[in-house]
Amino acid sequence: MKVFVTGGTGSIGLPVVQNLLSHGYEVLALARSERSVRLLKKAGAVVIDGDLRRPKDWLAQIGEIDVIVHLGLEFSPEDGEIDKGFLSALIESRSGQKPLRFIMTGGCWIYGNTGDHKAQEGEGFDESEAWDWWAQSLELANSALELETIVIHPAMVWSKDGNCFGMLDDIRSGGPVRVHENADHRWTLVNDEDLSDLYRLVLEQGQPGEEYNAAGEEGVCLGDLARELCKNHNHHSWLDVVAIADTVREQGEWAEGFGLDQQMSSEKARRELGWKPKYCDISSFFSSRHE
Ligand SMILES: NC(=O)c1ccc[n+]([C@@H]2O[C@H](COP(=O)([O-])OP(=O)(O)OC[C@H]3O[C@@H](n4cnc5c(N)ncnc54)[C@H](OP(=O)(O)O)[C@@H]3O)[C@@H](O)[C@H]2O)c1
């Protein structure tokens, strides 16, 4: 089976590319820089040279494929326009062909603050302007007869090196660990390798029109997370609570998700697809010491 991946050099995309290749899939992946070309070739993927901003320059080079996994995102104010341009060109390029399985990536932040409730698939999204464009992309994909769209909503992704959105960098630099907005807020988390398994399972068994949440740890307090990370690196716990407005000012509107208080259930993916994430709480994650 031939799979085309956008964002295949990213924190989610590279493990997905590696997972698919190790399970015998033929993987083609988009690369917009020399560095990305090198990474993807090293992983064993066929490289399609191109940029999501100019899909018409390269879409024809993909040829016959069975599935698209869409993970490319700039995290810039132009994300909505870029995504719409890519989707529109993709749909146009598929005209008259059989529908293509299209795996789209949402995310836990789309649910907004969930508080004590665990977000479930299909219960509607928060109306934050930061992710408005994404809902429009989903509508475009769902309304296209050319695509069979399935959505994955990853929790916040732990990287392989054990870092968690800069917390480990803070520890290494000897300073306080920055936590966003409120140390009692919860984040929902998923390990990148576990997540790559889910992308493959969705590709193999997911049903068009369905959405699947991907969380190993469904909700952990930021204070507990930071303290556990400190403990594992023999760093004395020293937290600095940063106002989310400052983070947004520094990183852009998309970063307001760091300030959410969230929990998310992934019971559906476990029940329907047999997904079995290995890392379901912070202590299991740290005991593996991914460094
Ligand atoms: N990471 C998380 O915690 C998380 C959680 C939930 C949802 N998500 C969602 O998952 C998706 C992927 O996130 P990520 O964390 O993997 O992002 P990432 O690490 O920043 O990777 C983004 C990928 O997109 C590619 N890209 C960006 N702009 C491009 C363009 N104009 N043309 C071609 N390629 C382009 C990048 O390629 P280069 O190598 O060239 O930069 C990279 O491969 C996003 O939709 C994000 O919202 C992420």
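Helix H1 (residues 13-22) and helix H6 (residues 192-205) cross at roughly 55 degrees, and their axes come within 8 Å. That angle makes H1 oblique to H6. The model is predicted. Its chain is assigned two stretches of domain, domain 1 (2-157 + 190-214) and domain 2 (160-188 + 217-263 + 278-287).

**H1 against H6**
- The crossing of these two helices is right-handed.
- H1 contributes Pro-15, Val-16, Asn-19 and Leu-20 to the contact.
- H6 contributes Asp-192, Glu-193, Leu-195, Ser-196, Asp-197, Tyr-199 and Arg-200.
- Sorted by class, the contact of H1 with H6 holds five nonpolar, two polar and four charged residues.

**H1 against H2**
- H1 also packs with helix H2 (residues 34-43); their axes come within 10 Å and cross at roughly 25 degrees.
- H1 and H2 are therefore roughly parallel to each other, since angles under 35 degrees count as such.
- The crossing of H1 with H2 is right-handed.
- On the H1 side, the residues are Leu-14, Val-17, Gln-18 and Leu-21.
- On the H2 side, they are Leu-39, Leu-40 and Ala-43.
- This contact of H1 with H2 has six nonpolar residues, one polar residue and no charged residues.

**H3 against H4**
- Helix H3 (residues 79-93) and helix H4 (residues 132-143) pack at an angle of about 10 degrees.
- The axes of H3 and H4 are 9 Å apart.
- H3 and H4 are therefore roughly parallel to each other.
- From H3, the contact draws on Asp-79, Gly-80, Asp-83, Lys-84 and Leu-87.
- These meet Trp-133, Gln-136, Ser-137, Leu-140 and Ala-141 of H4.
- The class count for H3 with H4 is four nonpolar, three polar and three charged residues.

**Domain 1 and domain 2**
- Domain 1 is made of the segments 2-157 and 190-214.
- Domain 2 is made of the segments 160-188, 217-263 and 278-287.
- Taken over C-alpha atoms, the centres of the two domains are separated by 26 Å.
- Across the boundary, 19 residues of domain 1 are in contact with 17 residues of domain 2.
- The side of domain 1 that touches domain 2 has nine nonpolar, seven polar and three charged residues.

Methods:
Residues are numbered from 1 along each chain as its sequence is written. This is a predicted model: local features need pLDDT of at least 70, side-chain atom pairs count only at pLDDT 80 or more; totals for chains, interfaces and linings use all residues. Axes are lines fitted to C-alpha atoms, for helices over the stretch in contact, and angles run from 0 to 180 degrees between N-to-C directions. Helices (H or I, at least four residues) and strands (E, at least two) are DSSP runs, numbered from the N terminus. Angles under 35 degrees count as roughly parallel, over 145 as roughly antiparallel, 65 to 115 as roughly perpendicular and the rest as oblique. A crossing is left-handed if the near helix is turned anticlockwise from the far one by less than a right angle, and right-handed if clockwise. Two residues are in contact if their C-beta atoms, placed from the backbone, lie within 7 Å. Ala, Val, Leu, Ile, Met, Phe, Trp, Tyr, Cys and Pro count as nonpolar, Asp, Glu, Lys and Arg as charged, and the others, Gly among them, as polar. Domain bounds come from an automatic or database domain assignment.
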